[in-house]
Amino acid sequence: MTVQTEFGLREYLADEGRLLITAPRFDFDSYPKLGDRLVTLLSASIVEKQWDADMHSWLIDFEGCKFFLKSEHYSESIWLESLNASESREEFDYLATLFERGF
């Protein structure tokens with residue numbers, strides 16, 4: 001039996017400080033609701049939101065570690081991006097295992 005998850009791990013690029021995430025389909029207008037849901041599920045908080053023509057870039061705080069939650073709607077891509085890969089390695093390793101299990 002396969003368990004359906006809303007968010008999962010596509011790829012973990014540890015040296016680059018990036019987690020590529022699988023998620024439900026979205027477009028530019030529907031992403032804020034999806035992004036808010038992901039931030040809530042992570043028990044994180046949004047520090048700042050920015051968006052451009054095709055991309056959302058949110059600065060979020062997860063257990064005192066700040067990083068970007070980014071999305072690009074044309075490719076329906078979502079990823080977490082570290083501000084400093086070496087300093088956030090422990091948090092990203094943890095998040096990678098969480099996303100690998102799916103939720």
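**Aromatic pairs and the sheet around them**

A search of the whole structure finds 7 aromatic pairs (rings of Phe, Tyr and Trp, the last by its six-membered ring, with centres within 6.5 Å; planes under 30 degrees apart are stacked, over 60 edge-to-face and the rest tilted). One of them is formed by Phe62 and Phe67, a tilted pair with 6.3 Å from centre to centre and 55° between the planes. Both of these residues are buried (under 20% relative accessible area, with exposed over 50% and partly exposed in between; 1.4 Å probe, protein chains only). Ring pairs also bring Phe92 and Tyr94 into a cluster with Phe62 and Phe67.

The model is predicted, so local features need pLDDT of at least 70 and side-chain atom pairs pLDDT 80 or more, while totals for chains, interfaces and linings use all residues. Residues are numbered from 1 along each chain as its sequence is written, and side-chain values use heavy atoms, leaving out hydrogens and water.

Lys49 lies over the face of Trp58, 4.4 Å from the ring centre, and Lys70 over the face of Phe68, at 5.2 Å.

E1 is joined to strand E2 (residues 18–22) by 5 bridges, and Leu9 stands opposite Ile21 in E2.

Conventions: Pairing = 2+ DSSP bridges. Helix = DSSP H or I, 4+ residues; strand = E, 2+ residues; numbered from the N terminus. Lys NZ or Arg CZ within 6 Å of the ring centre and 35° of its normal.
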